[in-house]
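Dear colleague,

Please find the structure below. My notes on two parts of it follow.

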Amino acid sequence: MSRVEADATSLQDDMPSNVIAVEMSSRNIEVTLMEPCETFTLVLPENFALVYPEASVHLQRGGKQTKLGPGNLRTIIAQLNDVIRERPDIYRDMSSHYGTDEGEYDDDHYVDSEQEAVDKDFLDDFERLRQWRGDVVTYQDNPLLDSLSCTIRLSYDDLPNRACQAWGLAPKSENKPLLICLVFSRTAYLSARFTAKCTHDVDSWCGVAGQLTTILKAFSEKIWSRSRAVDAFVSKGWTRHLAEEMLQGCDWSVDEAAQRLEKGQPVPQPVQPASKSPYATATEKSRIPLNSHGFLAQVLEYAELRMRTCNEFCVLCDQPHAAGVMVKATVCTRNICAFAFQQLGVGTDAASGMITAPAVAELLLCMAISAAKDSRWELIFNPYPLVFDPSDPTRKLFDPDKKSQNDVTVCLDSMVFEDVMNGVGGPQATRSLLFQWILRSNTSYLVHLAEKETIPSICTPHQYLLLSTSPSRQEVFDRLKAAHGTTFAWHGSSMCNWHSILRNGLFNASGTSFEVHGAAFGAGIYLSPNSSISFGYSGLTVDTNHKPPPAMGGPQPLGSLLKTIKDMACIALCEVVNKDIRKSGDTWVQPHTDHVVTRFLFVFDVDHKPNRELHTEDPSFRNELRRCVEKDFF
């Protein structure tokens with residue numbers, strides 16, 4: 001593979017922002033931009049492949065050419081973006097080239113009387129979507145390239161603030177929707193292949209936009225193949241409406257649809273699920289909706305459906321996660337996905353968000369060390385790392401099917417936090433790969449609170465926002481909260497258990513191998529309104545004589561937690577639906593996992609110990625908690 005071919009492949013896997021599609025031939029490159037939503041032609045010299053990346057290219061537009069300097073494909077496209085921003089006349093000058101007598105050009109689309117008309121089905125779908133949802137869709141007509149550039153605005157106003165924050169979306173107050181960018185053939189519409197991409201106007205990483213791009217690419221291929229199936233039935237004399245209806249009823253099984261049509265059988269009716277669960281199945285969450293308002297509306301409906309549950313599917317293979325569903329998007333544990341993400345960087349635009357704050361990274365490392373060195377490591381160091389040898393993709397340095405406590409602990413003991421955080425030793429060093437896996441495998445949203453955001457009553461600077469409930473489960477919790485109200489309670493657990501809790505969530509461990517302290521008050525999640533009770537489960541006791549350091553609220557030195565790891569302990573503050581709680585004094589049991597969500601995590605060490613008892617039913621403390629929970633990040 002030549003260098004230009006390798007760069008072209010890399011470009012397709014990780015498209016630059018503002019770029020919808022790139023098509024390359026021996027003579028030119030067609031680049032479709034999001035803003036302006038048009039396709040631009042870059043003319044290549046005859047010896048381009050031989051002298052790449054030293055050759056210059058030319059932007060050809062309206063009979064004019066603009067020279068772009070030499071560079072690799074990404075550099076060339078970056079130059080194109082710069083030229084368009086600096087000289088908007090380049091894409092607006094088409095009207096002067098063609099003359100207003102022959103046609104007209106405005107910001108929406110160019111119309112030339114000699115050009116073939118835009119596909120009527122597209123125009124019908126465009127109007128149907130506008131009638132249904134209003135001004136959420138626009139398009140530009142590019143007759144010279146036989147293309148239509150269509151942009152659909154995807155709002156996320158109904159997403160919880162915590163999901164927006166965890167997924168890299170702009171605050172809802174900024175009114176920046178996701179943009180679905182589609183490029184069709186202007187005369188063939190769905191009979192020809194089309195491209196799809198999701199973008200978001202933010203300066204930083206946006207995981208949901210990257211994942212939706214992957215989902216929409218697969219969706220476009222599926223729709224194109226379905227369109228061909230419909231065309232095949234139409235060519236045999238069936239009406240398009242009947243063909244579409246029958247194929248949808250047969251779940252797009254061409255053979256079954258053909259047999260039913262030939263035998264004159266009715267369209268099968270969809271089977272209603274028997275389950276009364278408030279949660280949709282993985283199939284229901286990824287099923288393409290019926291085309292009831294036109295194809296463009298179908299795209300919008302599908303994107304809305306998938307956006308809300310993107311964290312529940314692998315960012316690469318789009319299969320549901322086998323483990324518990326959490327907040328952040330990630331890669332599944334299938335070998336091909338894990339290797340592609342680790343070594344090839346495939347999917348990093350969707351699952352990264354990997355610029356983990358040092359305070360969070362250090363805590364995650366402490367939790368992993370505690371779990372790996374515990375006597376119950378095989379059970380609680382879950383998930384176990386899956387890390388490939390960078391020099392041999394068939395060999396795993398750490399393999400969940402061949403667990404080794406010694407291999408993991410030796411590697412963890414060799415880590416110097418400042419070094420792995422700063423990449424000392426190179427990104428391919430075993431300890432660096434294991435450290436990156438620890439960060440990447442955390443699917444809870446964990447944020448170290450700034451001093452002004454902390455809860456003053458709690459005597460530790462190590463305070464974290466901890467969100468582990470997916471948006472779909474949060475919806476159920478919110479409905480229960482509205483119906484029954486909520487209260488606050490503490491949950492204490494040994495330090496060694498938190499590696500698993502952050503990746504699998506809190507759950508009812510009663511009667512399972514995870515149960516440690518028995519279930520004297522019945523099965524469920526054990527909680528307490530009294531911090532002293534939960535401190536006991538964490539291995540802590542209240543020390544009323546303890547005086548924290550004067551600079552408790554300031555930033556803590558890098559690596560300070562690791563130095564006191566043997567004396568560390570964690571306790572979580574949870575919000576609990578006030579229904580079905582079994583209360584025996586200060587011991588509470590909530591039998592329903594869905595009725596408990598984590599809100600904060602507090603970490604104590606040798607210098608910061610609990611020095612007072614905190615009761616969540618104390619009016620002043622409860623009001624303090626309510627004020628914290630009602631902040632923007634909730």
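This is a predicted model: local features need pLDDT of at least 70, side-chain atom pairs count only at pLDDT 80 or more; totals for chains, interfaces and linings use all residues.

The outward face of helix 10, opposite its buried side, holds the exposed residues Asp255, Glu262 and Lys263 (exposed means over 50% relative accessible area, buried under 20%, with a 1.4 Å probe and protein chains only). Helix 10 spans residues 254-263, and its buried residues are Ala257, Ala258, Arg260 and Leu261. These lie on the same side of helix 10 because they cover an arc of only 165° around the axis, the arc being that of the directions from the helix axis to the C-beta atoms. Helix 8 and helix 9 (240-249) are among what covers them.

Residues are numbered from 1 along each chain as its sequence is written, and side-chain values use heavy atoms, without hydrogens and water.

Helix 8 (residues 207-235) packs against helix 12 (residues 295-308) at an angle of about 140°, the axes being 11 Å apart. On the helix 8 side, Val208, Leu212, Ile215, Phe219 and Ile223 meet Phe295, Gln298, Val299, Tyr302, Ala303, Arg306 and Met307 of helix 12, where contact means heavy atoms within 4.5 Å. By type, the residues of this contact are 10 nonpolar, one polar and one charged.

Regards

Methods: Axes are lines fitted to C-alpha atoms, for helices over the stretch in contact, and angles run from 0 to 180 degrees between N-to-C directions. Helices (H or I, at least four residues) and strands (E, at least two) are DSSP runs, numbered from the N terminus. Ala, Val, Leu, Ile, Met, Phe, Trp, Tyr, Cys and Pro count as nonpolar, Asp, Glu, Lys and Arg as charged, and the others, Gly among them, as polar.
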